[in-house]
Amino acid sequence: MGIGEGVAMPAMNKTIMSRLSPLGIWGHQMGELASRAIMGIGESVAMPAMNNIMSSGMFIGSIIGLSLSPQMIEQLGWQSVFYVFGSTGVFWYFTWQKLSHSTPREDPNISEGEVAYIEATTISRKEGPVKIPWKELLSRKEVWAIIVCHFCHNWGTFILLTWMPSYYSQELGLDLMHSGIYSVLPWITMAITANLGGWIADTLISKGYSITNVRKLSHIDTVQGAVLCMMGAQGLDAFSQSGLYSNHQDIAPRYSGVLLGMSNTAGVLAGVLGSLATGYILQNGSWDEVWDVSIGLYLVGTVIWNLFSTGERIID
């Protein structure tokens, strides 16, 4: 299976399950939970498959979803969110299948100059099955630095993603429509700073700065005042795209997809535990305690990252 299929198949799975979610067959709670679980299983391979092509598109998707969903729910009902985004996924799936290619040489629309540049700056892919050196991967402190840091990073990120509208509603007294509007603003800053961070990192490396130092540097992490703080927090968080998310290719380019799968497992686990912990904390405490836990984990991740990560290749 090539990169195109690796990204497209989980998208189609998610599309199908999204369209089924509002139907009566999923009316039972367990049926709905099962559909979400199936969606997660199908989507799990997407991040490793697209490790080489991640961009601000992830943030733009959040911007569109958060900005449109409140209006759709108010005017068309909650089911419309599933139908509209699910149908969009069908269109995207076939468009991706037609336009995507696993290697530059398979793309008829790319010039020879571009092909030469890409092949000169990326590691060649071995033909046939590749034996993954699991023991070596799991025995390196640099790999565990990525995994632990991904967990700490995603704990805060998933809380901001899933709980931000609730925070705006409960703490700032905003209704559904205004919560959606304000929730979009931090993701706009993330889309901007992710690209800015990547440009800065590439510029520093091209000028001879140590890749290790650049990766470590890139991972520094009233209503209007609260929203500005959120925008600043998520904007700085997006700089990690040029640190954490680039480091897989630095240390083991041939196995970067495997590495991202490993670290993203820890990151998704942080999302699950973080959401559960936030609900428990809010039942017995306040939002201040939610932020305290997130800040603490961010600090732990920062310390581990700066002590053990590297930008040099450690596995060939």
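**Helix pair H13 and H14**

I looked up the crossing first: H13 passes H14 in a right-handed crossing (left-handed if the near helix is turned anticlockwise from the far one by less than a right angle, right-handed if clockwise). The model is predicted, so I note that local features need pLDDT of at least 70 and side-chain atom pairs count only at pLDDT 80 or more, while totals for chains, interfaces and linings use all residues. Residues are numbered from 1 along each chain as its sequence is written, and side-chain values use heavy atoms, with hydrogens and water left out.

H13 spans residues 256–284 and H14 residues 287–308; helices are DSSP runs of H or I with at least four residues, numbered from the N terminus. I find a packing angle of about 145°, with the axes 8 Å apart (axes are lines fitted to C-alpha atoms over the stretch in contact; angles run from 0 to 180 degrees between N-to-C directions).

In contact (heavy atoms within 4.5 Å), I list Thr 278, Ile 281 and Leu 282 of H13 against Trp 287, Glu 289, Val 290 and Val 293 of H14.

**Ser 294**

I located Ser 294 in helix H14. Ser 294 is buried at a relative accessible area of 4% (buried means under 20%, exposed over 50%, partly exposed in between; 1.4 Å probe, protein chains only). Leaving out residues up to four places away in sequence, I record that Ser 294 touches Trp 155, Gly 156 and Ile 159.

**Cysteines**

I counted zero disulfides, a disulfide being a pair of cysteine sulfur atoms within 2.5 Å. For Cys 149, the nearest cysteine sulfur is that of Cys 152, 6.5 Å away. Cys 149 is buried at 1% relative accessible area, and Cys 152 is buried at 3%.

Terms used. Helices (H or I, at least four residues) and strands (E, at least two) are DSSP runs, numbered from the N terminus.
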